[in-house]
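Thanks for coming, everyone. Please bring up the sequence and the structure, and we will walk through them together.

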Amino acid sequence: MEDILQKQFFSAELLQWYGRSKRDLPWRRNKNPYYIWVSEIMLQQTRVDTVIPYFHRFIEKFPTVAALSHAPEEEVLKAWEGLGYYSRARNLQSAVREVHEQYNGIVPSAKADISALKGVGPYTAGAILSIAYNQPEPAVDGNVMRVLSRYFLLEEDIAKASTRISIERLAQELIPAGEAGDFNQALMELGATVCTPRAPQCLTCPVLEHCAGRLAGRAEELPLKTKAKPPRPERRAVALVEGSGAHAGRLLIRQRPQDGLLARMWELPHAELPLAAAAGEGAAAPARGTRRRSGRASAPEESHDAVMTFLQERLAAADGIGIVPMEWIMNAEHAFSHIHWDMLVYRCRYAAVSNLMLPPNYRWLDLAEMEQYAFPNVFLRIISDYKLMYTTD
DNA sequence: AATACGGGGTT
DNA sequence: AACCCAGTATT
């Protein structure tokens, strides 16, 4: 089939299919550029079903550019809690403030302007320009690269930046006149619902008959992509420090540094442990998953003693915090894309602080006041399991 | 070009 | 357990 005809068929059929198959998503109810922007940032590396409840809460809390501009950063971070990639939230607020101040609150429609905003890369710029302003800009994400790799049987490695550029060029050619927003969304929608990474539903695909990957019997092996490196393992000892006296019923928490992993999020105090020896049972070899104390036989008390001493010393040395670990209560693990945490959690007693004052990044947390602090999911799980243990035991 | 940066769903 | 996702910023 002629190259040109294959492209025209694709664009026309895909657009028609979208017209009858598109999902009713909260950010599709109007073309408010601020809504589109918020949704696109949330959707970076995140599935639609995960985003929907966050989007509703976020827009309710910060309905306009002005509202988000004036919000305290902690509230924005709290609204993002559990969504991951927290720099997205900080960059979004920073960029929204820029729009508030430099563009009179109007999301810019010039490519150079919008691309200059923090957190707005080539995909997001194209998505906002096409969806909110119907400009003929490509919006190439993982879905689009997969769909086009299959339909046109492209064998470039989609992990390479050069491939994204060439697919952007192709995607732009395919945009039907005046239909940029719907076409770009159609492309992503097809990738998310039909042309899925594995087990694609080719038989229901609107462009099946001219899909080169399918015709070659190679749809499932596309796109080509070099594998990511496996995450590096880390072991951490976590202190669940119970307050007493004036702080009875509270837990000791601390805020992470301004930059880097989980920047400015709150967490339980913890310390990195040396990696266990590969062979044999190292000290307190981590078990899999989060488990309650009663759910399994404890690891030998011996090894936990060593870890507890280590934890006590590390927190004293690093933060000047005096705690006394009393018993192992659970293991937890958490997988980031680049790090894997195996965590040993210990119930601790608060002893003292060297100078009687808590360091500035520490707080006593009332379990009823969790809404004031944004925690990464791994610590929410640990705290939740802890509460369960002490209300049912 | 490679790495940092979360978290969860699917197979 | 592997794979991958409506990516961007930094180095």
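**A buried arginine**

Let's start with R347, which counts as buried because its relative accessibility is 18%, and the cut-off for buried is under 20%. A word of caution before we go on: this is a predicted model.

Where is R347? It is in strand β6, which covers residues 339-353. What does its side chain touch? There is a polar contact between the side chains of R347 and Y390, at 2.9 Å. Now leave out the neighbours within four places in sequence. R347 is then in contact with L240, E242, V324, P325, M326, E327, I329 and Y390.

**Strand B**

Next, the DNA. How many residues surround DNA strand B? The number is 21, and the closest are R47, Y86, L262, H334 and N377. Look at which DNA atoms come within 4 Å of the protein: for DNA strand B, 55% of them are sugar and phosphate.

Now some individual contacts. Start with the bases. T46 has a side-chain N or O atom 3.0 Å from a base nitrogen of DNA strand B. R47 places a polar side-chain atom 2.8 Å from a base nitrogen of DNA strand B. Y85 uses its backbone: a polar atom there is 2.9 Å from a sugar or linking oxygen of DNA strand B. Which elements give two or more residues to the surface near DNA strand B? They are β5, residues 321-335, and α14, residues 377-392.

And the classes? Near DNA strand B, the surface has eight nonpolar residues, nine polar ones and four charged ones.

**Strand C**

On to the other strand on my list. DNA strand C has 27 residues around it. Which come nearest to DNA strand C? They are L43, Q45, G119, D141 and N143. Sugar or phosphate makes up 62% of the DNA strand C atoms within 4 Å of the protein, and bases make up the rest.

Again, some contacts. A polar backbone atom of Y123 is 3.3 Å from a phosphate oxygen of DNA strand C. The side chain of T124 has an N or O atom 2.7 Å from a phosphate oxygen of DNA strand C. Then D141: a side-chain N or O atom there lies 2.3 Å from a sugar or linking oxygen of DNA strand C.

By class, the surface near DNA strand C has 10 nonpolar, seven polar and 10 charged residues.

**Aromatic rings**

Now the rings. How many aromatic pairs are there? The count comes to 14. Take Y35 and F55. Their ring centres are 6.1 Å apart and their planes are at 85°, so this pair is edge-to-face. The cut-off for that label is over 60 degrees. Y35 is in helix α2, residues 33-43, and F55 is in helix α3, residues 48-61, so the pair ties together parts that are 20 residues apart in sequence. Is F55 buried or exposed? It counts as buried, because its relative accessibility is 3%.

Another pair is F336 with W341. Here the ring centres are 4.9 Å apart and the planes are at 80°, so this one is edge-to-face too. Both of these residues, F336 and W341, are buried.

There is also an aromatic cluster. F10, Y151, F152 and F183 form it. And one ring has a charge over it: the charged end of R57 sits over the ring of Y54, 4.8 Å from its centre.

**Backbone details**

Last topic: the backbone. Which peptide bond is cis? The one from L222 to P223, with omega near -5°. P223 is in the loop between α12 (212-215) and β1 (232-242).

Then come two residues with positive phi. A199 is not a glycine, yet its phi is positive, at about 50°. A199 is in the loop between α11 and α12. Its relative accessible area is 48%, so A199 is partly exposed. R264 is not a glycine either, and its phi is positive at about 65°. Look for R264 in the loop between β2 (250-255) and β3 (266-267).

That is my tour. Over to you.

Definitions and conventions
Residues numbered from 1 in each chain as written. Chains lettered and ligands numbered in written order. Predicted model: local features only at pLDDT ≥ 70, side-chain atom pairs only at ≥ 80, totals over all residues. Heavy atoms only, no water. Phe/Tyr/Trp six-rings, centres within 6.5 Å; stacked < 30°, edge-to-face > 60°. Helix = DSSP H or I, 4+ residues; strand = E, 2+ residues; numbered from the N terminus. Buried < 20%, exposed > 50% of the residue type's maximum accessible area, 1.4 Å probe, protein only. Lys NZ or Arg CZ within 6 Å of the ring centre and 35° of its normal. Near = heavy atom within 4 Å. Polar contact = N/O pair within 3.5 Å; in protein donor to acceptor, adjacent residues only side chain to side chain. Nonpolar A, V, L, I, M, F, W, Y, C, P; charged D, E, K, R; others polar. Contact = heavy atoms within 4.5 Å.
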